[in-house]
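Here is a short briefing on charged side chains that pair up. Keep the structure open as you read.

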Amino acid sequence: MIRVIDREGAEHELETLDGWRVMEIIRDHGLPIKAECGGACSCATCHVYVDAAWLAKLHPPHDEETAMLDEAFDVRPNSRLSCQILYGPDLDGLTVTLAPEVG
Ligand code: FES
């Protein structure tokens, strides 16, 4: 299960599948995430803010993700691209907030 807070502040608990990207889980449940590039790390429209308690449990962003985040809107220290986070049992309960939509 992951917990997603939408742009209105509502909390959603989403069922997960191991090996899925967090972006895919959010999109499959119909929450508004654009994910325009489909997970290729080239659009930043899957931008989320990771709950502080979870940030250190994620693998650090690789160079492409960091470069893409540099171009994202309203980037914060806990910003990540949700297509670059693979879900697994160790992330059960992961909590993220959808970043504002661009454009
Ligand atoms: S879906 Fe495009 S960067 Fe994540």
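Arg76 is partly exposed, at 39% relative accessibility. In this predicted model, Arg76 pairs with Asp74 in a salt bridge. How many salt bridges does a search of the whole structure find? The search finds four.

**The Arg76 and Asp74 pair**
- The closest N and O atoms of Arg76 and Asp74 are 3.4 Å apart.
- Asp74 is partly exposed too, because its relative accessible area is 35%, which falls between the 20% and 50% cut-offs.

**The Glu65 and Arg80 pair**
- Glu65 and Arg80 form a salt bridge, with 2.7 Å between the closest N and O atoms.
- Glu65 sits in helix α3, residues 63-70, and Arg80 sits in strand β4, residues 79-81, so this pair ties together parts that are 15 residues apart in sequence.
- Are Glu65 and Arg80 buried or exposed? Both are buried.

**The network around Arg3**
- Which residues are linked in a network of salt bridges? They are Arg3, Glu11 and Glu13.
- Within this network, the side chains of Arg3 and Glu11 meet at 3.3 Å, N to O.
- Glu11 is exposed, because its relative accessible area is 52% and the cut-off for exposed is over 50%.
- Arg3 has 22% relative accessibility, so Arg3 counts as partly exposed.

**To recap**
- Glu65 and Arg80 are a buried pair.
- Glu11 is exposed, whereas Arg3 is partly exposed.

Conventions:
Residues numbered from 1 in each chain as written. Predicted model: local features only at pLDDT ≥ 70, side-chain atom pairs only at ≥ 80, totals over all residues. Heavy atoms only, no water. Buried < 20%, exposed > 50% of the residue type's maximum accessible area, 1.4 Å probe, protein only. Helix = DSSP H or I, 4+ residues; strand = E, 2+ residues; numbered from the N terminus.
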